[in-house]
Number of protein chains: 2
Amino acid sequence: MENQSTPIISHHTALITHDNFQDNLDQIEAFAEAIVKKLRLNIVQKISHSFEPSGTTLIYILSESHLAIHTWPEYKSIHIDLVTCKRLSSEEFKKAIEEIFKGRVHATLSFKAL
Amino acid sequence: MENQSTPIISHHTALITHDNFQDNLDQIEAFAEAIVKKLRLNIVQKISHSFEPSGTTLIYILSESHLAIHTWPEYKSIHIDLVTCKRLSSEEFKKAIEEIFKGRVHATLSFKAL
């Protein structure tokens, strides 16, 4: 039985190893916007930072909580952290990420849900 | 044996039920700054949003990744999501959160690590 005394919180992460990785903010934003669109989320505010010598962070505050993307170009890695206060299954999240990344380049995906 | 082909990513969350909850940005920022200080993290940028009718989101981009705090005043709940690209044990995270929240008010804490 579900505990009604705490909010609904769905929490999913993905670590993507991306063979043809372009670490620029435009590409990261394109990924983030595709995730938001596929999962029918709503962007409230966004913030980004480019690290020296490399690495990008992009975070959206969503009306459903947040989406944070960090990149580690030296590992060709993209880490996605999505917290939503609406119910989101692991299958929905995984399907969205696979559709966005698998179609473009060879990518290895791993998923965890909290 | 550790996989050296992916970045170090420590990921911890806490859900706190806070009996004497004041949902204002100053209080949330005080919690966030205390977490950052105790865990020796570094703030790069911050962003916040106050939702209608209630609820606050505060996110810090850290030089070590990000800290996101969401509140649900209707449940007296605070959700903390911390991703760091430095090694951070569950014990260190839990100790910091307990020290910050237990001393002030009656709070119920639950923790998960990815």
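1. Let's start with one residue. Leaving aside its neighbours within four places in sequence, A:Gln27 is in contact (heavy atoms within 4.5 Å) with A:His18 and A:Gln22. A:Gln27 sits in helix H1 of chain A, residues 25-38; helices here are DSSP runs of H or I with at least four residues, strands are runs of E with at least two, and both are numbered from the N terminus. A:Gln27 counts as buried because its relative accessible area is 19%, and buried means under 20%, with exposed over 50% and partly exposed in between (1.4 Å probe, protein chains only).

2. Some ground rules. This is a predicted model, where local features need pLDDT of at least 70 and side-chain atom pairs count only at pLDDT 80 or more, while totals for chains, interfaces and linings use all residues. Residues are numbered from 1 along each chain as its sequence is written, chains are lettered from A and ligands numbered from 1 in the order in which they are written, and side-chain values use heavy atoms, with hydrogens and water left out.

3. Now chain A as a whole. Chain A has 2 helices and 6 strands, and along the sequence they run β-α-β-β-β-β-α-β. Of its 114 residues, 48% are buried. Take the contacts in chain A with a separation of 6 or more: 56% of them join residues 24 or more positions apart.

4. Over in chain B, have a look at B:Leu15, in strand S1 (residues 10-18). Is B:Leu15 buried or exposed? B:Leu15 is buried, with a relative accessible area of 18%. B:Leu15 and B:Ser77 are 62 residues apart along the chain, yet their C-alpha atoms are separated by 6.8 Å.

5. Next, the helices of chain B. H1 (residues 25-38) and H2 (residues 90-102) pack at about 140°, their axes 10 Å apart; axes are lines fitted to C-alpha atoms over the stretch in contact, and angles run from 0 to 180 degrees between N-to-C directions. H1(B) and H2(B) are therefore oblique to each other, as angles under 35 degrees are roughly parallel, over 145 roughly antiparallel, 65 to 115 roughly perpendicular and the rest oblique. On the H1(B) side, B:Phe31, B:Ala34, B:Ile35 and B:Lys38 take part, meeting residues of H2(B) that include B:Ile97 and B:Glu99.

6. Finally, how do the two chains relate? Chain B can be laid on chain A with an RMSD of 0.0 Å by a turn of 180° and a shift of 0.0 Å along the axis, superposed by least squares on the C-alpha atoms of residues with pLDDT of at least 70 in both. That is the relation of a two-fold axis. The same surface serves both copies, as 100% of the contact residues of chain B recur in chain A.
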